[in-house]
Amino acid sequence: MVGYAFMGAAHSHAWRTAPRFFDLPLAPQMTALAGRDADRLNAAAAKLGWDSTETDWRRLIERDDIDLVDICVPGNLHAEIAVAALEAGKHVLCEKPLANSVEEAEAMTAAAEAAKAKGVLAMCGFSYRRTPALSLAKRLVDSGALGEIRHVRAQYLQDWLTDENAPLTWRLDKSKSGSGSLGDIGAHIIDAAQWIAGSDVTGVSAILETFVKERPVGGDFVGLGGHGGADGPKGPVTVDDAAVFTARFANNAVGVFEATRFALGRKNAMRVELNGSKASLAFDFEDMNSLWFYDAADEPNAGFRKIQATEPEHPYTGNWWPVGHGLGYEHGFTHQVVDLVNAIGAGEQPTPSFADALQVQKVLAAVEASAADESRWTAV
């Protein structure tokens, strides 16, 4: 694995946990962790359970005892590492968004297609797909329970940047992150909406806004943000703080999307709602074990009913706890590992593929283009 911060910790937990709760066709071995700072790297490896370390990710590519490379670093490094790994015959798991540009994502997708012909597989880490309640939503749509999909609403609301003195981090530097709320959390709801609806976004009209133009260059870094010095030096914020756009899908559904890290009181409200001709469903990650479902056939006594997605027959949950005991954020990453290892064991393409992630990248690019052009309708 390359990188050991927030995503590195989540992925490490998943690699450790997956084989202990699921029967896998292959046994994951946490062989080597790569990072630039040797002291911090060694401490992370010891804490997270890795057997060895490398201060240059290229050494992972060269090692014969490594079959898969897991990429958990900022987006500006994704393409170089992924392409090199695939060309060296290593399977790849890459965090989202796939890249910082469509061009990089296209190069990664081409490398993945070439590698697939040789039995080498690649997957992009849109982990929310593996939330049992969202997977259940996908199952309901695929079964035809909603009928014709007409509306898609998707939001991702956080508030960790509302403090104007929160310090600059790599997520606020476009050269490293590619974009702000749009790519960081907007990518998740674009992927989830397209996946659940079973249809791609074909066009958008967008607004991007940066509310705080400068932030302290230092301070106390806590979690995703932290606290900076109000009187110290500041640097420019070069990404969006909020992204809002309308969309049309290939199946003719209309969509409304919102991603922001300035929604006070919303900590991780990743929300999706679909309205069909026969039924509706709604999900909010802040109540992640629940799916709300409305069936018009139940009229005149219809209403949204809460499905507790913890039954053994629901996606993934049968391998965990008794009914009603609930899962957490980390379980999505464990399910991601399970699906990836099962796919590798079967020699089948895991999903989402790099091609799926490229489609998300094209939506991100269209949103940026529309926002830069007075919100004009922009094709994906």
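At 3% relative accessibility, F283 is classed as buried in this predicted model, and F285 is likewise buried, with a relative accessible area of 9%. The rings of F283 and F285 form an edge-to-face aromatic pair, with a distance of 6.4 Å from centre to centre and an angle of 65° between the planes. The pair counts as edge-to-face because planes over 60 degrees apart fall into that class. Both residues also belong to a cluster in which ring pairs link F6, Y128, Y156, F283, F285, Y329 and F333.

Across the model, the count of aromatic pairs comes to 15. One of them joins F211 and F262 in a tilted arrangement, for which the centres are 5.1 Å apart and the planes make an angle of 55°. This pair connects distant parts of the chain, since F211 is placed in the loop between β7 (201-209) and β8 (214-216), whereas F262 is placed in the loop between β13 (254-260) and β14 (269-276), 51 residues apart. F211 has a relative accessible area of 48% and is therefore assigned as partly exposed, given that the exposed class begins over 50%.

A further residue examined individually was T310, which is located in the loop between β17 (305-308) and α9 (329-346). Despite this loop position, T310 is buried, with a relative accessible area of 7%. When residues up to four places away in sequence are not counted, T310 touches N289, T317, V323, G324 and G326.

At the level of the whole protein, the secondary structure comprises 10 helices and 18 strands. The radius of gyration is 21 Å, which agrees with the value near 21 Å that a compact globule of 380 residues would have, and the C-alpha atoms fill a box of roughly 65 × 55 × 40 Å along the principal axes. Of the 380 residues, 55% count as buried. Among the contacts between residues at least 6 apart in sequence, 71% join residues that are at least 24 apart.

The accessible surface of the protein amounts to about 16200 Å², and 50% of this area belongs to carbon and sulfur atoms.

How values were computed:
Residues numbered from 1 in each chain as written. Predicted model: local features only at pLDDT ≥ 70, side-chain atom pairs only at ≥ 80, totals over all residues. Heavy atoms only, no water. Phe/Tyr/Trp six-rings, centres within 6.5 Å; stacked < 30°, edge-to-face > 60°. Helix = DSSP H or I, 4+ residues; strand = E, 2+ residues; numbered from the N terminus. Buried < 20%, exposed > 50% of the residue type's maximum accessible area, 1.4 Å probe, protein only. Rg over C-alpha atoms; globule rule 2.2 N^0.38 Å. Contact = heavy atoms within 4.5 Å. Areas by Shrake-Rupley, 256 points an atom, 1.4 Å probe, with all protein chains shown as cover.
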